[in-house]
Amino acid sequence: MNAMDYRRKKKFTFFTIGLIFLLSGVEYAVILPTIWRYLQTLEAAPYFLGLVLSAFSLSGLLTGPLFGYWSDQSGATKKIILFANCFEMIGNFMYFMGYSKWLLLSSRLVAGIGTGAGSSIFGFLTRSTSPKDRATAFAAVMACRQAGLLIGPAFNIFLRLCDFNVGPFVVNKYTAPGLFMCLMWTLLQVAVILMYWDLPPLEKGKARQSLTGQRREEGNDQGVVEEEEEDDDGDEEKPLMASQEAGGSYGAVVASKPPGRDSSGASNATLSSPPPSAEPPESQAPCGSVKTVSRYREFLREEVVVLLAAQFITLFNQTALETMVTPMTQRYFSYGELENSVMYCLCGVEVIAGFLFVRWLSQRVADRVVLAIGLTICNISGVWCLVFLANPLGFSQGVRRSVGGLATILGPLWAGGLTENMYIMLGMMMALLALLTMMLAFSYSRLVPPATEEEVEAPDNCG
């Protein structure tokens with residue numbers, strides 16, 4: 001494979017990976033605004049909403065390691081993606097069928113299996129990118145999913161208009177998201193077949209060769225380049241985590257040069273001998289067991305535990321709020337599919353803005369400061385939800401009093417500064433009254449008590 005062909009295949013492969021994560025975000029955002037009312041049409045209890053939403057994540061959690069192991073053993077990521085996408089297609093078609101609440105629960109379990117391929121994809125990205133470009137590749141992939149979360153609710157604006165039959169199946173605003181995503185994953189299968197290649201792992205020698213070419217163009221000395229290449233070749237064979245025999249201290253990172261030459265060219269063969277305090281080789285643990293113990297002990301470090309706890313708690317709160325918000329908006333605000341879709345779309349814009357803010361902030365302060373700021377915002381929002389959302393009818397009176405208080409503050413401030421400009425002061429008053437008059441004219445038919453509105457609509461529904 002020549003360089004031009006490799007770059008072309010890599011470009012199309014990464015584009016296809018972006019499509020996969022884009023659709024995963026779209027699927028989540030398309031189904032979430034309508035799934036609560038869908039379950040209500042199937043006479044499901046409220047707790048069933050949590051079961052259905054959790055089922056998707058559960059199957060993905062269980063199958064992710066299996067797909068990852070399969071990818072590590074075979075390196076055939078393309079086959080894994082094609083296999084996993086079949087579960088996405090089947091699961092979404094089951095969601096479209098929707099004969100019962102149990103079929104709906106099973107559909108999300110089946111579709112969630114397809115998300116397990118994400119571990120294989122990240123493994124592929126790790127093998128096919130250099131350490132310098134890896135973080136950028138991961139960020140781009142996750143950005144594609146966030147873009148899917150942003151544009152996903154917009155599809156419901158059109159899907160809610162569906163009202164027809166396909167054979168024995170009914171296509172309406174509740175079943176249409178399943179059919180839509182089934183078609184999308186089917187099209188993705190074609191894209192994976194045509195535009196995805198299992199690229200060979202990135203050869204570090206080639207990466208250094210391109211870097212060497214750049215250095216040569218910049219006028220570096222040929223001998224220096226060759227010496228750097230030789231040193232790098234020696235470094236490639238060293239493990240990241242050194243054992244007691246080679247490093248002198250457990251878990252230390254070795255930065256020594258290959259035996260036989262130090263920085264001055266003298267022999268450093270003594271570096272390869274065990275330190276005086278080391279145990280005899282036969283009494284020491286095998287290298288593999290040392291690496292395994294070191295790997296597990298990494299997760300027990302204080303800072304790692306804190307970060308894992310932060311990830312768990314924030315995602316727990318996020319998904320819990322997402323599950324609760326649609327029943328709450330239906331109960332207190334009579335939101336339908338359109339209103340919920342617009343709300344989630346606006347939430348997607350907020351999420352994107354939040355990522356941009358974090359990226360800007362992380363370039364100016366330490367990561368732990370970013371974490372502290374985010375945790376502070378989460379605590380403030382949590383207290384706000386606890387005070388106002390726990391009892392929304394108390395909440396309504398609070399909004400009314402806040403609006404009235406704001407008016408009594410701004411009114412005197414406006415008039416106090418315009419005592420010599422009566423036309424401007426009174427003109428603003430008339431402009432506000434004109435605005436209120438137009439709002440009243442457009443909303444006059446809706447300005448009735450909820451009980452009266454139900455009594456008016458009842459005869460129409462009966463007829």
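Rings of Phe, Tyr and Trp, taking the six-membered ring of Trp, count as a pair if their centres lie within 6.5 Å. The model shown in these views is predicted.

**View 1. Ring pairs link four residues into a cluster.**
The members are Phe 67, Trp 70, Phe 83 and Phe 87. The links between them are ring pairs. Across the whole structure, a search finds 19 aromatic pairs.

**View 2. Phe 122 and Phe 138 form an edge-to-face pair.**
A pair of aromatic rings is described by two things: the distance of the centres and the angle of the planes. Here the ring centres of Phe 122 and Phe 138 are 5.1 Å apart. Their planes stand at 85 degrees, so the pair is edge-to-face. Phe 122 belongs to helix α6, residues 117-128. Phe 138 belongs to helix α7, residues 131-159. The pair therefore ties together parts that are 16 residues apart in sequence. Phe 122 has a relative accessible area of 24%, so Phe 122 is partly exposed. Phe 138 is partly exposed too, at 26% relative accessibility.

**View 3. Lys 101 lies over the face of Phe 48.**
Look for the ring of Phe 48. Lys 101 sits 5.2 Å from the centre of that ring.

**View 4. Arg 145 lies over the face of Tyr 28.**
Here the ring belongs to Tyr 28. The distance from Arg 145 to the ring centre is 5.9 Å.

**View 5. Glu 27 and Arg 108 form a salt bridge.**
Side chains of opposite charge can pair when their charged atoms come close. The closest N and O atoms of Glu 27 and Arg 108 are 3.1 Å apart. Glu 27 lies in helix α1, and Arg 108 lies in helix α5, residues 101-115. The pair therefore ties together parts that are 81 residues apart in sequence. Are the two residues buried or exposed? Both Glu 27 and Arg 108 are buried. The structure holds four salt bridges, including this one.

Arg 8 forms a salt bridge with Asp 5. The closest N and O atoms are 2.8 Å apart. Arg 8 has a relative accessibility of 40%, so Arg 8 counts as partly exposed.

**View 6. Lys 132 and Asp 133 meet in a salt bridge.**
The distance from N to O is 3.5 Å. Lys 132 counts as exposed, at 68% relative accessibility. Asp 133 is partly exposed, with a relative accessible area of 37%. Elsewhere, salt bridges that share partners join Asp 5, Arg 8 and Lys 9 into one network.

**View 7. Helix α4 packs with helix α6.**
Two packed helices are described by the angle between their axes and the distance between the axes. Helix α4 covers residues 77-97. The angle between α4 and α6 is about 160 degrees, and their axes are 9 Å apart. That angle makes α4 roughly antiparallel to α6. The crossing of α4 and α6 is left-handed.

**View 8. Helix α3 packs with helix α5.**
Helix α3 covers residues 47-74. Which angle and distance describe the packing of α3 and α5? The angle is about 30 degrees, with the axes 7 Å apart. The helices α3 and α5 are therefore roughly parallel to each other. The crossing of α3 and α5 is right-handed.

Notes
Residues are numbered from 1 along each chain as its sequence is written. This is a predicted model: local features need pLDDT of at least 70, side-chain atom pairs count only at pLDDT 80 or more; totals for chains, interfaces and linings use all residues. Side-chain values use heavy atoms; hydrogens and water are left out. Rings of Phe, Tyr and Trp (its six-membered ring) pair if their centres lie within 6.5 Å; planes under 30 degrees apart count as stacked, over 60 as edge-to-face and the rest as tilted. Helices (H or I, at least four residues) and strands (E, at least two) are DSSP runs, numbered from the N terminus. Buried means under 20% relative accessible area, exposed over 50%, partly exposed in between (1.4 Å probe, protein chains only). A charge sits over a ring if NZ of Lys or CZ of Arg is within 6 Å of the ring centre and within 35 degrees of the ring normal. A salt bridge is a side-chain nitrogen of Lys or Arg within 4 Å of a carboxyl oxygen of Asp or Glu. Axes are lines fitted to C-alpha atoms, for helices over the stretch in contact, and angles run from 0 to 180 degrees between N-to-C directions. Angles under 35 degrees count as roughly parallel, over 145 as roughly antiparallel, 65 to 115 as roughly perpendicular and the rest as oblique. A crossing is left-handed if the near helix is turned anticlockwise from the far one by less than a right angle, and right-handed if clockwise.
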